[in-house]
Amino acid sequence: MAKTFIISALVEHKPGVLYKVSNMFWRRGFNIESVAIGTAEQEDLARMTITIKGEEEDAEQLVGQLEKLVDVLKAARLDQERAVIRELALVKLRAKDPKVRSDIFHYVDVFRGRIVDVSPETATVEIVGSKDKIDAFISLTRSFGVVEVARTGETALIRGPQSVRIDI
Amino acid sequence: MPAYDVLLDSEIRHILVRHEQSAAHMADGYARASGRTGVCMATSGPGATNLVTGIATAHLDSSPVVAITGQVSTPQIGLDAFQEADIIGIASPVTKYSFQPRSVAEIPTAVMKAFYIASTGRAGPVLIDVPKDVQVDLAEVEYPEKVEIRGYRTVYKPDQEKINRAAEVLARAEKPFILAGGGVTLSNASHELQRLAELLLAPVATSLMGKGSFPEDHPLSMGMVGMHGSKETNQLIYEADVILAVGCRFTDRTTGRLDEFCPASHFIHIDIDATEIGKNKCVEVAIVSDAGHALRALLRALAKNLTAAKDTPWSRKVREVKEAYANKIENSGKELTPPKVLKELRRLLPPQAIVTTEVGQNQMWASLCFRALRPRTFITSGGFGCMGFGFPASIGAKAAKPDVPVFDIAGDGSFMMTENSLATSVLEKLPVTVLILNNRMLGMVAQWQRLFYNRRYSAVKLGEVPDFVKLAGAYGAEGYRVGSMREFSEVIKKSLRNEVTTVIDVPIDPEENVLPMVPAGYSLKEVIG
């Protein structure tokens, strides 16, 4: 049974690294769901949070292949029970009709989202949470007309003092 | 151009090739023969892309090569300038790492890191792509004493607990078997391997890349296992209760159908690359380590609870199997067959002689019939199976070991792919002998078409051209065509005396198969021939 795994990797923050990492995904045939990247705790480091669907061995092999790359400093699988996992989505919905508009406001409230932009025709919603929560919001509002969706992909950290970092 | 200009005043020996692919193979051959890092250099664009086949060959066989390419000036990168190629992008999947220094100050560190990465851990090719303006620029630079690469970790020493477990399993084994791969040669661990085999009285078979890591005239040597391994070896390995695999990665060519590969055996796997553990084959004891370190640690651990026996029922069985095999006399009635020719070649060559092979039937005949007696004397493109490799690699090997005779065991098809290296061999005074097992065919493909496609020969007939004797003459090399075993022996002896570039054309029957053979996708027990 294919499962979802989350891997956190600390990489050199310089040109070409994303290419080399994504090249490896392709070459080794990994089924990547999402990758979220940004500057990490040090300016010259970036953290990649990779979500992969596959078997237990795939996740292990991915960690190994990542660690083998010279530009990857550390990679580890996160225990999803013991990690904070978040994704941010921006969802632009059709909102011309006042009734729809009020429904949207209601759902946003339930999902603890925020309206971040409004135009006469649309409303853009920001939702933060687990992948499932965002999926649920999108499927719920699909009937109103979803214009655009932008999702960051999941990003995550281990809870508590344990960490995937390098000592300077 | 700027780099070549300063090369004139340096002590570095530059060997001019006729095609960049050959340059990469020569650097690779040099590396495999010597254990040192080989270097090749090419211009930007097409020069760089021509290197790629050779770089990929080195990559799959973990050979330490540093490839240097020119690049257009930094402001022009990305503008599709004349002779621009994104060689880092192109070569990324087949290099261990790559650098593109963007200023002259970055060059010393890039060079040092490149050699460090290429030659340590699981060795492999590293690319340095140098833009033109960076080549021309001048700056006061310092060579760092040593380099540190924070994301590059290499585990050399094994985990002692795992060693102890492996030692326990091996000490209890009644029918231990060792499967040695290219990692043994790469870590120069042949001596340790031999001591371990003798202590355990374990037969040793190798993968194609492992050939030479264990002397094939040793009583415990079982030659090669796999698709073209000997029948006896492929059967014997199934009887093993414990298989110790050292520096090999369980490729399909070695194991046959993997899920039927020795299902009853326990496996211990030593490899320097953690990602090889469990990639192809799940094992009981996995040891991430340099082969030499691990074997020495195993020997120490075993010394405590094992004393070498004179023989065991298992070692007697090994001896019987080998004797039965040796007594089988090949008698096809033909005068010149590849097995006869290659056995005679072995008889005439000193043990330290280096042979390279091309790819195809010639390669499998060589691995079956030519016994490698010392490490780094059998050089072949195993993983990539790159036709055209053997001849330039032999020239590289000759550059590394000028005092040792070097032979390329070739097929006509492969040799033609890089035959223009004759110019390099002759003019650079790097004499090697090319032995062409000439069947006027792309023989291995023809064999598959014969065996699996009902003799429908499609795109394999190469015809009677060129005349290899004349071709050799055209380059200023010596060419011979032999018609009998006696002539063959004489020509070999002559080429050993003469030390000039020699091409020997040995016409063979185009219908000749390399046997035994396990068809692709079958278990090793299902042998043809």
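**Note on a predicted two-chain model**

1. In chain A, six residues of domain 1 are in contact with five residues of domain 2, two residues being in contact if their C-beta atoms, placed from the backbone, lie within 7 Å. Strands S2 (32-39) and S3 (45-54) of chain A each supply at least two residues of the domain 1 side that touches domain 2. S2(A) gives the most to that side, with three residues. By class, this side of domain 1 of chain A has three nonpolar, three polar and no charged residues. Here Ala, Val, Leu, Ile, Met, Phe, Trp, Tyr, Cys and Pro count as nonpolar, Asp, Glu, Lys and Arg as charged, and the others, Gly among them, as polar.

2. On sources: this is a predicted model, in which local features need pLDDT of at least 70 and side-chain atom pairs count only at pLDDT 80 or more, while totals for chains, interfaces and linings use all residues. Residues are numbered from 1 along each chain as its sequence is written, and chains are lettered from A and ligands numbered from 1 in the order in which they are written.

3. Confidence. Chain B has a mean pLDDT of 94, and 99% of its residues reach 70 or more; pLDDT is the predictor's confidence in each residue, from 0 to 100. For the complex, the predictor gives an ipTM of 0.87 and a pTM of 0.94.

4. Layout of chain A. The domain assignment gives domain 1 (3-78) and domain 2 (84-155); such bounds come from an automatic or database domain assignment. The centres of domain 1 and domain 2 of chain A, taken over C-alpha atoms, are separated by 29 Å. Chain A has four helices and nine strands, and along the sequence the pattern is β-α-β-β-α-β-β-α-β-β-α-β-β. Helices (H or I, at least four residues) and strands (E, at least two) are DSSP runs, numbered from the N terminus. The C-alpha trace of chain A spans about 55 × 40 × 30 Å along its principal axes.

5. Packing of chain A. Of its 168 residues, 30% count as buried. A residue is buried if 20 or more other C-beta atoms lie within 10 Å of its own, exposed if 12 or fewer, and partly exposed in between, with C-beta atoms placed from the backbone. Among contacts in chain A with a separation of 6 or more, 73% are between residues 24 or more positions apart.

6. A:Gly29 sits in the loop between helix H1 (17-27) and S2 of chain A. With 8 other C-beta atoms within 10 Å, A:Gly29 is exposed. A:Gly29 and A:Leu62 are 33 residues apart in sequence, and their C-alpha atoms are 10.0 Å apart in space.

7. Layout of chain B. Its domain assignment gives domain 1 (2-136), domain 2 (160-326) and domain 3 (338-507). Between the centres of domain 1 and domain 2 of chain B, taken over C-alpha atoms, there are 36 Å. Six residues of domain 1 of chain B are in contact with six residues of domain 2 of chain B. The domain 1 side of that contact divides into one nonpolar, three polar and two charged residues.

8. Strand S13 (residues 406-411) of chain B is largely enclosed by the rest of the structure, because six of its six residues are buried. One side of S13(B) carries B:Val406, B:Asp408 and B:Ala410, the other B:Phe407, B:Ile409 and B:Gly411, and all are buried. S13(B) runs parallel to strand S11 (residues 354-357) of chain B, joined by four bridges, with B:Thr357 partnered by B:Ile409. S13(B) also runs parallel to strand S14 (residues 433-438) of chain B, joined by five bridges, with B:Phe407 partnered by B:Thr433. Two strands pair if DSSP finds at least two bridges between them.

9. Nonpolar cores. A core is a set of buried Ala, Val, Leu, Ile, Met, Phe, Trp, Tyr and Cys residues joined through C-beta atoms within 7 Å. The largest has 178 residues, and those with the most contacts inside it include A:Ile7, B:Cys40 and B:Ile436. Helix H2 (residues 20-34) of chain B provides the largest share of this core, seven residues. Leaving aside neighbours within four places in sequence, B:Cys40 is in contact with residues including B:Ala23, B:Met26, B:Leu51 and B:Val65.

10. Contact between the chains. Chain B contributes 14 residues and chain A 16 residues. The chain B side has seven nonpolar, five polar and two charged residues.
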